[in-house]
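Colleague: I have a model open and want to learn how to read it. Can we go through it feature by feature?

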Amino acid sequence: MRGFRAPDELGAQQRAWAAVAAAFAEREPVRRRRRPPVRATLALAAVAALVAVAFTPPGHAVLTSVRRAIGVERAQPALYRLPGGGRILAGGWLVNGDGSTRRLGDYRETSWSPFGRFVVAAKPNELVALQPDGTVRWTLARPDVRFPRWAGSHTDTRIAYLSGGRLRVVAGDGTGDHELGRAAPVAPAWRPGTSFALAYADPRGRVVVPGVLRTAAGPRPLRLAWSSDGARLLVLRARTLDVYDARGRRLSRTTGRFADAAFLPGTHRLAVLTPHAVELLAPRTVLFRTTGTLRQLVPSPDGRRLLVTWPEADQWLFVPTEPGRRLSAVGNIAEQLGGAFPVGGWTS
Amino acid sequence: MRDEHAWVRAAQAGSVDALERLYRAHWPRAYRAAYLVVHDAAGAEDIAQEAFLAAVRALDRFDRRRPFGPWLHRIVVNRAIDWARARALRGEVEVDESLAGGDAAETDGIPVRALAALPPEQRAVIVLRHLLEYTPGEIARLLDLPRGTVNSRLRRGLDALAREVER
């Protein structure tokens with residue numbers, strides 16, 4: 001067997017090395033050098049920073065990074081309009097393209113129906129389907145409802161959601177609710193179209209698309225998302241970003257530290273959020289970088305902007321994906337929307 | 001072997017260059033071994049990667065006097081057996097796309113397809129014996145099995161392979 005060669009040995013070696021090297025860089029050796037006292041170090045660093053800020057050109061860089069940690073400067077104080085238009089769901093709020101907002105109710109999560117005609121919302125013990133004007137169509141009492149996701153055509157729609165660690169599916173008219181099995185707390189993802197193929201993560205971190213894909217067990221995924229044509233599925237974990245084709249074959253693995261990821265609508269190009277940067281892949285392009293901690297990334301319907309949430313700065317950033325456009329930022333999000341809720345989707 | 005001890009020592013001291021040398025020396029055989037047990041390229045990549053990640057996590061506790069290879073191969077093969085068993089329980093087909101068409105791959109006269117027809121435990125001992133070239137005694141220690149069990153799995157596995165080849 002000495003002459004045996006497995007498929008794509010070199011590619012596999014290179015992909016895996018990135019993950020191994022990253023793990024090695026983060027390991028903490030057992031024998032550590034003695035460190036100077038923490039308080040003295042902090043005091044010294046503070047004095048050094050003040051001196052640097054006051055007297056030296058590099059000090060301006062330090063000051064800038066401190067400012068960056070508290071948000072983009074010259075952010076708009078209010079959401080006057082949505083760059084690029086459309087409608088955004090955030091918690092129990094609907095934000096319209098002209099900047100007007102509507103409170104739909106006391107919901108912790110919301111998401112759009114396939115054509116943006118309805119909204120599905122989660123309360124702690126209730127799944128709710130409603131119209132964008134807030135009119136409730138139906139409700140379903142279930143414990144610990146999370147991650148409702150709606151899919152289908154104009155005539156046949158289904159909603160997947162988690163309830164008490166179980167994945168459940170109900171028809172769009174609120175009938176036929178049934179359990180599919182145990183699931184990890186990750187939003188399930190319907191494949192676009194009418195096939196009703198559902199990607200979800202099981203409690204061992206395996207990603208499952210029934211009849212198509214079952215990955216090896218691993219760290220719990222952070223995000224599952226299909227490309228808009230349903231030909232690609234991304235599986236994002238804290239350290240890896242895998243892309244599969246519609247037959248369940250893995251096409252690529254990218255390693256790093258990730259917070260969120262999405263396909264740009266109409267393409268197979270990936271936008272990724274690391275804790276401190278917004279990037280496009282293949283080719284890698286850094287769109288925005290900060291010292292602060294970014295949380296969520298949602299592409300606009302036309303893919304020309306990325307909404308990036310930055311809770312610690314209380315800002316939403318609208319990051320252009322094309323060169324020549326300016327980034328815009330909006331502050332005071334929590335005050336306007338009654339809290340820093342997860343964005344449930346951006347539709348046209 | 002002397003190089004390997006030096007790489008382990010340097011990696012324990014924080015040298016990424018030493019770790020990379022260790023990785024490049026051991027990746028191909030670890031990946032091939034995993035592949036021949038699970039017959040799935042993505043699965044083998046995950047298994048080999050996880051084995052190296054486990055090695056990195058345990059690097060500081062590793063006894064430098066011992067060889068690195070057997071320690072790594074023990075992790076790889078045990079994980080590969082678990083993976084193949086789990087897949088068999090799910091009733092999935094065990095033919096990787098890369099082998100699905102054209103000429104079947106062969107390794108020293110053993111068709112890879114024929115190997116895939118064996119139970120994972122038999123595949124594992126054949127891979128350890130004929131790819132990684134451990135003796136039956138070493139395999140018994142690696143897998144925590146009686147030596148007689150290793151010998152019988154080897155014999156049964158090779159007999160089954162011979163029948164497959166004759167078909």
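Colleague: In which loop of chain A is P283(A) found?

Modeller: First, a caution: this is a predicted model. P283(A) sits in the loop between strand 22 (277-280) and strand 23 (285-289) of chain A.

Colleague: What kind of peptide bond joins A282(A) and P283(A)?

Modeller: Start with the general idea. Most peptide bonds are trans, and most residues other than glycine have a negative phi. Now the case here. The bond joining A282(A) and P283(A) is cis, with omega at about -5°.

Colleague: And phi? Where is D8(A) found, and what is its phi?

Modeller: D8(A) lies in the segment before helix 1 (9-26) of chain A. Its phi is positive, about 50°, although D8(A) is not a glycine.

Colleague: Why does D8(A) count as partly exposed?

Modeller: Count the C-beta neighbours. D8(A) counts as partly exposed because it has 15 of them inside 10 Å.

Colleague: What about E133(B): where is it found, and what is its phi?

Modeller: Look at the loop between helix 6 (120-130) and helix 7 (136-143) of chain B; E133(B) is there. Phi of E133(B) is positive, near 60°, and the residue is not a glycine. E133(B) has 11 C-beta neighbours inside 10 Å, so it counts as exposed.

Colleague: Now strands. In which sense do strand 5 and strand 6 of chain A pair?

Modeller: The general idea: in a regular strand the side chains alternate between the two faces of the sheet. Here, strand 5 (residues 119-123) and strand 6 (residues 126-130) of chain A pair in the antiparallel sense, over 5 bridges. To place one bridge, take V120(A): its partner in strand 6 of chain A is A129(A).

Colleague: How many bridges join strand 6 to strand 7 of chain A?

Modeller: There are 5 bridges, and strand 7 (residues 136-141) of chain A runs antiparallel to strand 6 of chain A. One pair to find on screen is E126(A) with A141(A) in strand 7 of chain A. This hairpin has 5 residues between the strands. Within the hairpin, G134(A) takes a positive phi near 100°.

Colleague: On to helices. At what angle do helix 6 and helix 8 of chain B pack?

Modeller: The angle between helix 6 and helix 8 (residues 147-166) of chain B is about 95°, and their axes are 9 Å apart. Angles of 65 to 115 degrees count as roughly perpendicular, so these two helices of chain B are roughly perpendicular. Helix 6 of chain B brings E121(B), Q122(B), V125(B), I126(B) and R129(B) to the contact. From helix 8 of chain B come residues including V150(B), L154(B) and L158(B). By type, the contact has 5 nonpolar, 2 polar and 4 charged residues.

Colleague: How many helices and strands does chain B have?

Modeller: Chain B has 8 helices and 2 strands. From the N terminus, the order is α-α-α-α-β-β-α-α-α-α. Of its 167 residues, 43% count as buried. Take the contacts in chain B with a separation of 6 or more: 64% of them are between residues 24 or more positions apart.

Colleague: Last one. How many residues of chain A are in contact with chain B?

Modeller: In general, the size of an interface is often given as the accessible area lost when the parts come together. Here we count residues instead. 24 residues of chain A are in contact with 31 residues of chain B. On the chain A side, helix 1 of chain A gives the most, with 11 residues. That side divides into 15 nonpolar, 2 polar and 7 charged residues.

Definitions and conventions. Residues are numbered from 1 along each chain as its sequence is written. Chains are lettered from A and ligands numbered from 1 in the order in which they are written. This is a predicted model: local features need pLDDT of at least 70, side-chain atom pairs count only at pLDDT 80 or more; totals for chains, interfaces and linings use all residues. Helices (H or I, at least four residues) and strands (E, at least two) are DSSP runs, numbered from the N terminus. A residue is buried if 20 or more other C-beta atoms lie within 10 Å of its own, exposed if 12 or fewer, and partly exposed in between; C-beta atoms are placed from the backbone. Two strands pair if DSSP finds at least two bridges between them. Axes are lines fitted to C-alpha atoms, for helices over the stretch in contact, and angles run from 0 to 180 degrees between N-to-C directions. Angles under 35 degrees count as roughly parallel, over 145 as roughly antiparallel, 65 to 115 as roughly perpendicular and the rest as oblique. Two residues are in contact if their C-beta atoms, placed from the backbone, lie within 7 Å. Ala, Val, Leu, Ile, Met, Phe, Trp, Tyr, Cys and Pro count as nonpolar, Asp, Glu, Lys and Arg as charged, and the others, Gly among them, as polar.
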